Every structure is written in C-alpha cells, then in structure tokens.
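Trainee: Please pick one part of this model and take me through it closely. Then link it to what surrounds it.

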Amino acid sequence: MIELKQILAKLRKLNIVMFACMIGLCIMGVMFIYSACSVRENHDLQLQYMKHAVIAIVGLMAYMILACLNYKKLIKWSWVFYLACLVLLVMVPFFGTSVMGARRRIFDIQPAEFAKLAMIMVLAWLYGRHSNLNGFLMFCITGAIVGLPCILILSQPDLGTALVMVPTTFAMMFAGKIAPRYIWSTFLVGIIVAGTILGVICAVEKRDLTKDEKVERIIAITHLKKHQVERLQVFMYPDKDLHGSGYTRRQAEIAVGSGGVHGKGYLKGELYALGYLPPSVSANDFIFAVLAEESGFTGSVMVLLLFSGLLAAGLWTAFRCQFNSGRFFCVGVVTLIFSHMFINIAMTIGLMPITGLPLPFISYGGTFMLTMLLALGLVQSVSIYGREPSTSFD
Amino acid sequence: MVYRGQKLTESWRIALLALVFASFLVYLAMSLHRVQVVNGADLSRDLVRQSVRRVQVPGARGRIFDRNGICLADNRPSYCIAYYVEELRKSGKWQNTIDAVDVDIDRLAKVLGLPREISKEKVANHVKRSLPMPLLAWRDVSDQVVARWAEEVGAFPGVDIFVQPERYYPYKGTAAHMIGYVGRDRPKSLPGYKAHFYLPEMIGRLGIEKQYDNMLTGVSGGRLIQVDARGYKHAVWEGTPAVEGDDLHLTIDLNIQLVLEKALQGKKGAGVVIDPRNGEVLAMVSAPGFDLNDFVPAPSWIVWNKLNKDKDRPLINRALQGRYAPGSIFKPVTAMAALMSNKIKPDEIINCDGVFNLGTMKLHCWNTYGHGDIVLRKAIEQSCNVFFCELGQRTGYDAIRAVAADVGLGVKTGIDLPYENSGLLPSDAWKRKWKHEPWRTYDTCLIAIGQGLLLVTPLQMAMTASVFANGGTLYRPHLISRRGPGDLVRRMEWPADAVNLVRDGMHDVASIGTGRRVAIRGIEVAAKTGTAEYKVNGLNKKNTWVTAFAPFDKPTVAIAILVENGISGGYTVAPLVHDVLVEIFGEPPPEDDEAVPSFVMEGGIGD
C-alpha cells in the first residue's frame, strides 16, 4: 500500500502537458495510419493501425514504469544498453532482413532506433559525470560514441537516422559546454561538405548530359549512393523529373496543398487512396501528407502545436532539473524529437531533400514508436526525480 | 547548484535551444501556410489535372420524320459486350493485365460461340490509351448472344453489357440519298472543354443527316472519371448532362416517296415532287439506291466496294447531282421567251415539213413527215422541233437565256441538301472559254429544243414545272417544314396571257398530246414530255423526261421524272407520273371501257 501511495505521489509530479501532447499525437497517429492503410488491399496491411495502437499501449506501460524508476540509476547502466545496441547493429548486415534494398531489421526490431536513445543516454551520463572535461578529449570521445553506431547505421544504408544524430549531438555538446570552437569547426566542415556536394550537383546539372549520365558524374565525384544523388537533385530541381525521381516529392506536395485550409475531411484523402502517394510510404515516412490532406492547414498547425507543447514541456523539464545528466538527457531527447519532426515535415513539403525519417508518434513503425515512448518515459522520470536532490544521492 | 563538485550547466543554454526550436517551428508553420493556404488552390488544380479524365458524352441524336409523323431515321440500342479492365487488373507489368484480358476474351468467345472481334494489339492499345473506358470486345451483338452472356455472367466479373445508341433507318433504302446516313467519328470538342476521351458520336455524312447535323447532334455533355495512379477507373461523376438533338420534320410524304420509288425501281433515273405553292419537296428519288442501314456504323468492305464499283453509281443523288440535257421539256421556257419578246403571236402559223434548215445544217423533227401548219399551243402539244427551232432563231439566245435563268437554270436551287449541282446554262463567253468557238445560231436553235450545251438537274426541272404551275413564282425547294409561305427566290412579271398559253399547251400534252399516259380520271393534269439524245461509246441513248403539274387550275404538285436510257418520255416516263398522281389524288374507277391508245410515240431530234 505504501508503495502504491509512493507511486501515486510520484505520478502526481508527472509533467502533464508533455503527457497530454504525447497522447494527442499518438491518437492522431492511430487515426491517420488507419486512413492510410484502409485503402491497402492486403488484409495484414489494413491492420497496421491496430499494430500501431498496440505498440502505443505497450509503450505507454513501459513509459509509466520508466517514469516511476529513477533515471539516475538507469542512466548509469546506459553503456550496457549502448553496447547491446552496438552488437545488434553489427549483427544486422549478417543476420538482418532486407526491405527494399536496405538491411535494417533484426529480430523484427530496428536496432538503429534504440541506438539513438542509447547514444543520448550515454552522452548524458558521460557529460553529467565529467562536466569539467569539456576540451578536445571529450569532443573526441563524443565523436567516437556517436560516430561508431552512425557508421554502422549509414552502411545499412539509413542516412536519415544518422542525420538526426547530428543536431542532437550538437545540442547536447552545446548544453554540455564542450568548447564552442570544436562545435563551430565541425559545423563549418559539415557546411562545406554539404555546400560542395550541392555545388557539384548544380554544376553537373548545367551540362548537356542525359539524366543517367548526370547521376553517374555526380556519384563519381561525391561517392554518394544513387538514390541519395537523385533525392538531392530533386531537392534542388524539384520540377525536373516529376514522373521519375521527383514523383513522390511532387505528390506529397500536392497532397499537402490540396488539403487547403480545412482539409478534405477524415478518410476523404485522395492522393493516398488513388495510389498517387505510394502506399509503401503513406503510412510511415509520408504520413504527414495524409494528415495534411485530410485535415488541412488547421490540422497541420494542430500537429505543430502539439509538438511545440511536447518540446516546450521537455525543455521545461530540463530547465527545472537540478542535475546535469538529467538536463543533458532531456535536451538530447527533445532535440531528437524536434529533428525528426522538422526533417519529416520539411521533406514532405519540399523544404529538404527526401530522407526516410518517421514523424514521431504519428508514423507507423514499431521500434521507433517504442523508442520515443521510452525516451519520453525517461524524461518524465527526470521530471519526477530531477527536482529532489536529497533523495537522489546514493 | 553543485553535484559532486560540478557546476550545473547554465539555464540560458536551454533557453537558447528553445528559442532556436521555436524559430524553426515558426518557419515550418509559415511554409505550411504557403503550401496549403496560398498555393492550395493551384495544387488542388494539379490534383484534378492528374486524377480526373473528362469524357465527352454525345446527346441522343434527333430523329427524322416525314410530314405525317412517320419516323424515317431512329435510334436503336446496340448491345456491346464490354470489358472493364480495372476488374481484371494484375499487379506488376502492364503486359500481365493485357494477357489476363486477352485470355479472358478467348474464354468468353468460346462461351458465347462468337469469333473474336478484337486482336491482342487492340487490347494492348486500349490498356495503354483508354484504360478507364470500357473495352468493346463485341459490338452490336444479337439478343441471343446477350441472353447467353447473361447466363454466364457470374464467371466473367470484368465483363458487362454496354449499350450505345445506333442509327436505324426503318424504311431501309427509302429516300436514302435525301436522308443520308451517319458515320462514327471522333467528335468535335466543345469550346473550352478539352476531353480526354470521347464516346463514339454519330456524324452526318450525307443528305439531311449531314446538312442538319448541328441540329440533330444536340450538345455533348461531359462525364468525369477519377483515375488512380496507374490510370484505372476509380469513380465516375456525372458532369454536365448532354442535351438531346432536335427532331426534324421533313416535308416529305412517305406515301408519295414510296410510290415514286416503286415507279423507278429497276431503272436508272430520278424523280422529284414539289409543292408549287411553297417549294416543299414532297418526294425525291434517285435510282438505283442503297440500304442506309448498311452504312451504320460503317459500311462493310464488301458493301462499300460494290457500291463504288457499280457502273450505275447508286451513291449519286441523280435528282440534284445528275446533269442531263432536258430535251423537249425545256420547250415551255423557249415558248415563254418568244411570247415575252413578242416574236410570235398565239395564232401565228409556222409550217413544219419535218426538217429545219439553218444554212447548210439540218435539224429534223421527230415526225419525219412534218406537222404541217401549226400554232404555238399545238406545237407544245406535239413537241414540234421545227417550230421551236424557228422560234429560237427568231427570239435569240439572250431572251431565252434570261427566262431560263429566271426559272432557276444554271444555278443551284438552294435546296437544303449538300453536293447540289448547278447544271449548265451556257453563254457566249462560256462557249468561247471552254470550246474556243463563238456562239452560233445553231447553238440557239439546239437549246430552244432543250439540246446542245444546256444541262439541268431533275430538281431544276421540277422547279421549272412548279414555276409554270404557279404562274411565275420560283421558291427555294426545301425539305424541312417551315409552316408558312415558302422561301421566295423571285416572282416573275410574266404577262398572264403568255403564261396561260404555255400552260394550255402543257394541258393539251397531258390530254391529247405526247403525254397522254400521264392523265388520270377526275383531275386535269398539265405535262410536258422530253427525250434527249446522247451518245455513249458511239451508241445513241435517250434520256426520257416528263414534267407535270396538277390539278391544272390550282396546282398542288409539280413533278419531274427522268429515266436514263428510256424509249421516250411519253412511253417510258408518263405512266410513272400517272402512278404518282394516282397516289396523290386518287383515281375513281373507270366509268366505261375507254380505250387508251396502246402506243404513243414521241421522238427526239435527228431521227
């Protein structure tokens, strides 16, 4: 009885705004996955929304349990979690199952998603433990911790997942007071690399070559993968190849735009129903196109507001936390969610090149959904335990 | 705050991150506003452009009736067996779907016991070009086939009956040249409405169907088909409904038409019956003809070849496209010209000795022994060539030409049918240009008896007859009833006594003259016979004519009938006119056994 009372007392400290926003997003997720998969012919695929809901409920239970546990105790063991993820990532190329040319899954989970959480946890633990160590050494350690899994993830290939770790790491380094010159210089290098690649694409585009010749030329210079080059080309010249590589981007833009102010109404979307938006992506990476088409600008803003509430509540938790590890962890998770959300929506409306990144809580995808819920569960734990320095000593 | 001697990281760093996130979120919201609110309408249009196909649907074609409301051109449902490809779609390559449909057509062909009508290439073409439309595997199948299909419908999920209207002519070849026929063609697109697909539409190709195509066609409507990403039909929306075409009511009287056709059956020739009071065409026949239903939806190879290679050229509408020398039926025009220019008096006698001498040239009268001393009225009755040659020489060509032009020769009558021929009313200038010779008196004399360079159509001669019937008014012949006065071309200022003299002459033709076989009991008829000679491959042939009008006092019909290669107008054609008049006016049974002369011969010139 006492334990239950204690648990209830703890749950009373739950960040209710964050919880509400998250539930709101999960409900939207189930709703629009139902939309997107209702038009599928395969019966199993039609039940994707059910799977999503089940994972959401399971995840929610894990969320509650994590919220009640002290994050500081968990975070100490984060390196075990990290190593486990690393092992799984190493196993993926050998034992994983291949879906559409990318080998990402093993034992029906995507270790890359867990790895994101693991990296954030390890970094938070490390920065919290050695916050005086903020020079070149820490920068290198950070690089190694993040770099190792990211290289494995990139080789799957999964550019998107690796990509979201960049802003997340930067944000954590910034919060962790790593010497700014390293941050700036890395940032600069990134800009230069990105600028060079785009410059090459721009230069090649002006040549009088066929489509395939252009792609070959660019690959020869940049050593990117073919689909990556095509996506960058589409990003820079969206109207060039509307029936080829630019097709999905174009259809997503039409879906979002034709939703107008108020949307076409729930289950009345046309782009995914008629198959213009490829059904293989409409429930996961391009779920926002379905949502925006059916609920219009109103719905889009609603999603943005829910995310804003979630992110604000997460940062508020960091703000209120009296411990560095908690703060860093919150910053990491918030940045991760923000990056996912921003990149996903931005690519849907053509502001960014297409990368296969899911929209947190809304996109269909079990491992990612679970990871997000676990991460937020831990943030709730920070919210509960981070304000009690006396009880946290061990 | 200190934890294990370490300083807590500064809160402003978190606040700065919040600020960065907030600004990115605002940027995202603004971008969404641009795409969804500002560009929303444009992108919606793009969606319609890629997912909606417009189909132009024709309105039901108007029907054609005769003056008594009998339908001459109707629409009937034509049952087609159609494949709806979206029901048989296969994933993967298009070829899979094409193969599936192809195999299914073979299967259905066996069940229905029909040979395949469409090849695999056609199936492939359909899948590539008109996927959301039904694929017509068998067109216009019989009721038995429909019944057999209905029994097997369960086994063929992608097949349905597709009904399309087909033109149907209940009287087959009746008035074929006049009614004309329709063909299937890609229809004109509506202004400002570009359709992706067109349902087959009927387009008039000949006759009334062509002339009044716009009225009969109506206004096409539009149907919208929503297609999915692969182009299969997803949903159909009714757009603007099609407007039915107008029905046409012709001036034709089917009964007269049928009698006239029967009269000309087995002959080559043409006949026209006009109402002289207003120019309405009551009947118009060109023989030989053809069955209009053979042309729907398109003539078969065999039919088309046969009709085109036929020496008798059945596709020509002889009534308004045939050019013939009028022969003696032109003589009333010559007589009128002579009377108007005072070159002859009604009681003036001219002697016919059988030959008309003009310098070194001789023109023979059909009566080799000559008619002796005759006056104009008798000359018309007897159709004396010598008399009219003399009359032509006296009157001069200019006066004759003026009257001929007045009655409408040498120009199109303006009837509401396509491809009319104007005939030929020659002139000095024409002859110099085409024959490189000046006009001679000889030409005038020949034309005075309806020979020589003059060419007319049977319709023109019917109009000429109607001008004499109504005393000098030329109407535009027409086939669509207007209800009201006719369409006046001109009213001639002909002196009444002159017209009456010529009419009296024509009256005598029908009662005691060359055209006695025209006469019917109970009604007075006026007529003029004609036999024009022409040479084909060195053989002498005769085009035989009769023009007539009745009743004599207040004429309600004017008739011209031409038979190619006949014996003489009075012998070959006059009985035909008689039959037509009997149909129109009825004939009381004979009161006594009045003997009809068994053989009345009337000849042409140059015997």
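Mentor: Start with the two domains of chain B: the C-alpha centres of domain 1 and domain 2 lie 49 Å apart. Domain bounds come from an automatic or database domain assignment. Domain 1 of chain B covers 53–249, and domain 2 covers 254–295 + 319–478 + 488–585.

This is a predicted model: local features need pLDDT of at least 70, side-chain atom pairs count only at pLDDT 80 or more, and totals for chains, interfaces and linings use all residues. Residues are numbered from 1 along each chain as its sequence is written, while chains are lettered from A and ligands numbered from 1 in the order in which they are written.

Now the contact between the domains. In chain B, 17 residues of domain 1 are in contact with 15 residues of domain 2. Contact means C-beta atoms, placed from the backbone, within 7 Å. On the domain 1 side, the elements giving two or more residues are helix H6 (176–179) and helix H7 (207–211) of chain B. H6(B) gives the largest share of that side, four residues. By class, the domain 1 side has eight nonpolar, six polar and three charged residues. Here Ala, Val, Leu, Ile, Met, Phe, Trp, Tyr, Cys and Pro count as nonpolar, Asp, Glu, Lys and Arg as charged, and the others, Gly among them, as polar. Helices (H or I, at least four residues) and strands (E, at least two) are DSSP runs, numbered from the N terminus.

Next, the backbone by H6(B). Ala175(B) sits in the loop between strand S7 (159–168) and H6 of chain B. Its phi is near 55°, a positive value in a residue other than glycine. Most residues other than glycine have a negative phi, and most peptide bonds are trans. Two peptide bonds to note are cis. One joins Ala287(B) and Pro288(B), with omega about -5°. Pro288(B) is in the loop between strand S15 (280–287) and helix H10 (301–309) of chain B. Another runs from Ala550(B) to Pro551(B), with omega near -10°. Pro551(B) is in the loop between strand S23 (539–550) and strand S24 (557–563) of chain B.

Now a helix pair. Helix H14 (residues 385–395) and helix H17 (residues 441–448) of chain B pack at an angle of about 130°, with axes 8 Å apart. Axes are lines fitted to C-alpha atoms, for helices over the stretch in contact, and angles run from 0 to 180 degrees between N-to-C directions. That makes H14(B) oblique to H17(B). Angles under 35 degrees count as roughly parallel, over 145 as roughly antiparallel, 65 to 115 as roughly perpendicular, and the rest as oblique. H14(B) and H17(B) cross in a right-handed sense; a crossing is left-handed if the near helix is turned anticlockwise from the far one by less than a right angle, and right-handed if clockwise. Phe388(B), Cys389(B), Leu391(B), Gly392(B) and Gln393(B) of H14(B) meet Thr441(B), Thr444(B), Cys445(B), Ile447(B) and Ala448(B) of H17(B). That contact has six nonpolar, four polar and no charged residues.

Last, the partner chain. The contact between chains takes 42 residues from chain A and 33 residues from chain B. H15(A) gives the most to the chain A side, with 12 residues. The chain A side divides into 25 nonpolar, 13 polar and four charged residues.

Conventions:
Contact = placed C-beta atoms within 7 Å.
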